[in-house]
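Notebook open, structure on screen. I want to go from single residues out to the whole chain and the interface.

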Amino acid sequence: MVFNWISPHDESIRGVGGGMCVACKASKRLCGKPRCPLLVRYHSLLKTVSLVSLHMAGSSPPGFFAGRFGYPKLNIGPLVPPFYGNTALLDHPEEWLNFSIDDIVGFRSQLVRGLHRVNVAEARDGGKLVGRLQELAIAASPSDVELDFMKRPRGNIVFRDNVQPYGPSAPLRRMEAGTLSVHRDLERVWYDGDLRAHDALLWLYTEGVEVSRISRALSAGILGLQAKRKFVPTRWSITAVDDAIGKHLVQKAKGFPLINEFRVYESWKLDNRFMILLVPRSWIYELVEAWYPGSTWNPTGRRIAMFADWEGYRGRTTYAAIGGCYYAARLAIAEALCGEGRQAGALVLREAHPGYILPVGVWNVRENVRRAMREPYREFTDLSGALHYIAERLEISLKQWMGKSRLLRYLQTQRVLEDYPGVGG
Amino acid sequence: MFSAKIKSEVLREITDVISTLVDEAKFNISPDSLSVRAVDPAHVAMVDMSVDKAAFEEYKADEGELGIDLDKIKEVLRLARSGDVISLDHDEDRNRLVVHVGNITRQMSLVDTAGMSDPKVPNLDLPAKIVLRTNEMRQGIKASESVSDHIALVAHSDGFEMISEGDADTVRLDLPKDLLDELQCKEKVRSLFPLDYFSNMVKAISGTSTLTIHLGNDYPVRMEFTFAGENGRATYLLAPRIESE
């Protein structure tokens with residue numbers, strides 16, 4: 001009975017290690033994680049599931065989700081908890097950094113997901129339900145809705161790297177919503193069918209609309225030229241927005257003078273430790289990640305797994321193998337550089353420690369780096385001083401970081417022309 | 001004032017030589033020639049180039065500066081057919097460059113040159129001099145690109161070598177003295193360079209058959225060449241990588 005709610009085909013459970021979990025039953029810590037991720041999920045699910053039946057009413061944060069399987073057909077739908085109130089926090093990653101993984105899983109598992117199968121192109125004229133869903137996606141504040149399902153919502157909490165987890169789901173029969181108060185800026189771009197999606201999201205960003213709202217709007221197919229509007233799977237929309245805004249800000253930062261010193265910033269939340277090095281060079285960027293055995297994406301490994309991706313001054317033309325985190329961190333750094341009106345080269349080092357037992361979404365990277373960039377930094381006159389300090393703050397040795405980091409090797413070995421006495425000018 | 005006509009191939013050569021390092025450049029204009037000196041954004045490489053008025057079909061100019069977005073010039077070049085003559089006129093009132101190619105006129109806004117200072121040229125004492133055919137060099141780079149991200153240039157009294165060492169494989173181009181047009185080298189010298197820069201520079205030198213390299217020990221390299229039918233001269237400088245740390 002207990003496992004009614006957790007499907008044996010859940011990939012995230014298999015990811016933890018197949019038969020290992022059966023042998024362990026949350027008592028032996030065989031996977032090496034400090035706490036059993038299955039139980040963390042299970043306990044938060046139980047709370048929600050008992051409150052949900054064929055009919056459900058509650059306040060959507062607002063939340064909107066678009067799956068990606070079957071593209072160009074996909075499931076879109078609202079995220080709604082089974083209660084009324086100020087639920088904004090449940091779909092607002094900008095505020096989550098100060099909560100624990102359990103809290104965040106708790107927020108998300110309360111969100112029941114309605115499923116409505118559409119073709120991506122139905123974003124243009126998908127009928128009444130689609131229109132209501134789009135309106136909900138751009139609501140300014142929590143909105144009361146009533147949902148009727150085809151069958152009782154069930155299932156596992158789903159966790160993916162890019163996407164915030166959410167709770168049980170079921171096919172949607174009907175959604176009733178009261179009068180929605182829509183976000184003014186989002187409404188404006190919705191009604192502007194001549195504004196390209198790219199221009200629209202940059203405009204929204206400069207108007208101060210939060211990145212999470214912009215990616216929700218992109219996902220709900222309310223941006224872009226009227227004839228080309230599409231639903232965008234949530235996970236794609238998040239990285240598309242991070243990438244587009246990040247690129248724009250990097251371009252802007254390239255027009256600013258270089259910083260004068262070497263700087264080190266840091267943030268340590270959700271057992272993710274971020275160290276950020278800014279160097280007085282023109283724009284160049286790298287993210288190096290180290291996943292400890294037992295952390296989300298290295299559940300059964302015995303060694304720390306390290307990955308890196310970088311770009312030079314002219315940016316990159318291929319998708320970073322490291323995925324959405326690369327773009328989320330780049331956005332946060334470019335944002336800080338533009339805020340200060342300076343340019344720098346940036347290296348982000350991330351240690352994902354074993355306490356990071358469940359993936360919570362790339363917002364974790366974006367908000368951690370943003371937080372780091374808001375805090376005071378340490379200043380150094382040379383690279384070796386900065387690296388020495390970083391080595392003290394991280395567990396993994398400098399030598400190992402160097403082995404992975406192209407940018408560190410570049411900084412240490414590449415001379416610049418100013419190193420040689422000049423004439424003329 | 002600036003008013004010129006130039007064959008599209010020649011304009012392409014000029015653009016390629018500069019655009020491998022920068023997207024925008026300040027062109028210094030004088031009655032007899034046009035020149036650019038620019039450093040790439042990472043300050044690793046420099047180009048110092050000048051083109052005589054003889055490279056143009058027609059050329060009339062006073063002293064002045066033009067800030068040009070090279071991507072726009074490339075867009076114009078894509079419209080040109082081989083043998084087309086492109087005309088360039090500075091509209092001083094509106095601060096635009098008026099470009100004619102075929103029956104198309106493009107009014108090109110200029111880049112503000114206020115922030116573009118002339119970079120200093122490092123004063124380098126480079127003991128070795130090698131003159132070689134650009135084709136040989138291109139082959140060596142082609143062979144190295146899949147192997148490593150850096151390349152060593154070595155000169156000794158018997159010849160010139162390019163060596164690229166990766167984690168697994170090594171590529172080496174050997175050019176003994178008799179295959180070189182000229183070699184002046186008393187003691188062996190060796191410097192290491194970032195391959196992406198080096199490769200882009202050599203690829204940009206399209207209209208040139210020979211290349212003069214000045215090389216030292218763990219020191220920048222200076223590459224000199226002529227283009228635009230000997231009417232253009234350019235120097236590239238590239239800062240080295242230093243490994244022993």
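I call two residues in contact when heavy atoms are within 4.5 Å. Housekeeping: this is a predicted model, where local features need pLDDT of at least 70, side-chain atom pairs count only at pLDDT 80 or more, and totals for chains, interfaces and linings use all residues. Residues are numbered from 1 along each chain as its sequence is written, chains are lettered from A and ligands numbered from 1 in written order, and side-chain values use heavy atoms, with hydrogens and water left out.

**Entry 1, T15(B).** I found T15(B) in helix α1 of chain B, residues 8-19. Helices are DSSP runs of H or I with at least four residues, strands are E runs of at least two, and both are numbered from the N terminus. Setting aside neighbours within four places in sequence, T15(B) touches L70(B), I73(B), K74(B) and L77(B). Why does T15(B) count as buried? Because its relative accessibility is 2%; buried means under 20% relative accessible area, exposed over 50%, partly exposed in between (1.4 Å probe, protein chains only).

Beyond four places in sequence, I see V17(B) in contact with V47(B), M49(B), A204(B), F225(B), F227(B), A234(B) and Y236(B). I also checked V17(B) against R190(B): 173 residues apart along the chain, C-alpha atoms 25 Å apart.

I looked up 14 helices and 13 strands in chain A. Of its 425 residues, 58% are buried. Among contacts in chain A with a separation of 6 or more, 77% join residues 24 or more positions apart.

How many residues of chain B are in contact with chain A? I get 31 from chain B, against 18 residues of chain A. The rule finds 2 salt bridges across this interface, a salt bridge being a side-chain nitrogen of Lys or Arg within 4 Å of a carboxyl oxygen of Asp or Glu. D23(B) and R314(A) form a salt bridge at 3.5 Å, N to O. On the chain B side, β4 (45-52) and β10 (121-122) each supply at least two of the residues touching chain A. By class, that side has 18 nonpolar, 4 polar and 9 charged residues. For my own reference, Ala, Val, Leu, Ile, Met, Phe, Trp, Tyr, Cys and Pro count as nonpolar, Asp, Glu, Lys and Arg as charged, and the others, Gly among them, as polar.
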